[in-house]
Each structure stands twice: as structure tokens, then as C-alpha cells.
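Good morning, and thank you for joining this group meeting.

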Amino acid sequence: MKGIIERIDLNYLSDGRSYLTMQISGNKYSVWDKKYFGAFSEGTPVKFKFKKSGKYLNISEIEEDPDCNPENDGKKNPFN
């Protein structure tokens with residue numbers, strides 16, 4: 001998938017573990033891999049892979065994609 005990062009939030013579980021939530025082209029994804037923490041900012045065009053876990057969408061790989069076209073990319077519904 002491709003899209004533009006619209007929002008990034010750092011979250012904590014009650015046991016102290018941290019994770020990010022990223023809103024990319026209108027969809028919300030979780031990021032658990034710490035190597036991605038601080039690597040991206042809002043407005044960054046990205047391409048990524050994710051896995052669905054119940055109602056959650058967890059990003060497994062993500063990288064900057066300067067060729068991302070926000071008019072055509074990232075509009076697929078990940079629930080289909």
C-alpha cells in the first residue's frame with residue numbers, strides 16, 4: 001500500500017510497552033517495531049505492508065516513497 005502519513009501518535013499500554021498509531025490516507029495503523037519510532041513525520045509519503053489482526057491493522061514494513069501520488073495511491077480499503 002502507499003499513502004501519506006497524516007498523523008503519528010505515541011501510545012503506551014498499561015504494562016509500559018509503547019507503540020505508534022499512524023493515520024495513513026484516512027486509515028489507522030499500529031506500529032510495534034521500535035526501529036520505525038522517530039523515523040517518519042506527518043506529511044511523509046510512504047509505502048508499507050501490514051497484517052490484519054482482528055480489528056487492528058499492524059504495519060510490518062514501512063519506508064519513505066517519494067514517488068507516492070496521494071491522488072491515486074492509498075485509497076484502497078484495507079478491510080476488503
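Let us begin with K47, which is partly exposed, at 36% relative accessibility. Please keep in mind that this is a predicted model.

With which residue does the side chain of K47 meet in a salt bridge? The partner is E63, with a distance of 3.7 Å from N to O. The two residues belong to separate strands: K47 lies in β4, residues 45-53, and E63 in β5, residues 56-64, so the pair ties together parts that are 16 residues apart in sequence. E63 is also partly exposed, with a relative accessible area of 43%.

In general, side chains of opposite charge can pair when their charged atoms come close.

How many salt bridges does a search of the whole structure find? The search finds 4. Among them is the one between R7 and D9, at 2.6 Å from N to O. R7 has a relative accessible area of 45%, and therefore counts as partly exposed; D9, at 25%, is partly exposed as well. D15 forms a salt bridge with R17, and their closest N and O atoms are 2.8 Å apart.

I turn now to the strands. Strand β1, residues 2-12, runs antiparallel to β4, and 3 bridges join the two. G3 has V46 as its bridge partner in β4. β1 also runs antiparallel to β2, residues 18-24, with 7 bridges between them; here I5 stands opposite I24. These two strands, β1 and β2, form a hairpin with 5 residues between them. In the turn, G16 has a positive phi of about 95 degrees.

Key
Residues numbered from 1 in each chain as written. Predicted model: local features only at pLDDT ≥ 70, side-chain atom pairs only at ≥ 80, totals over all residues. Heavy atoms only, no water. Buried < 20%, exposed > 50% of the residue type's maximum accessible area, 1.4 Å probe, protein only. Helix = DSSP H or I, 4+ residues; strand = E, 2+ residues; numbered from the N terminus. Pairing = 2+ DSSP bridges.
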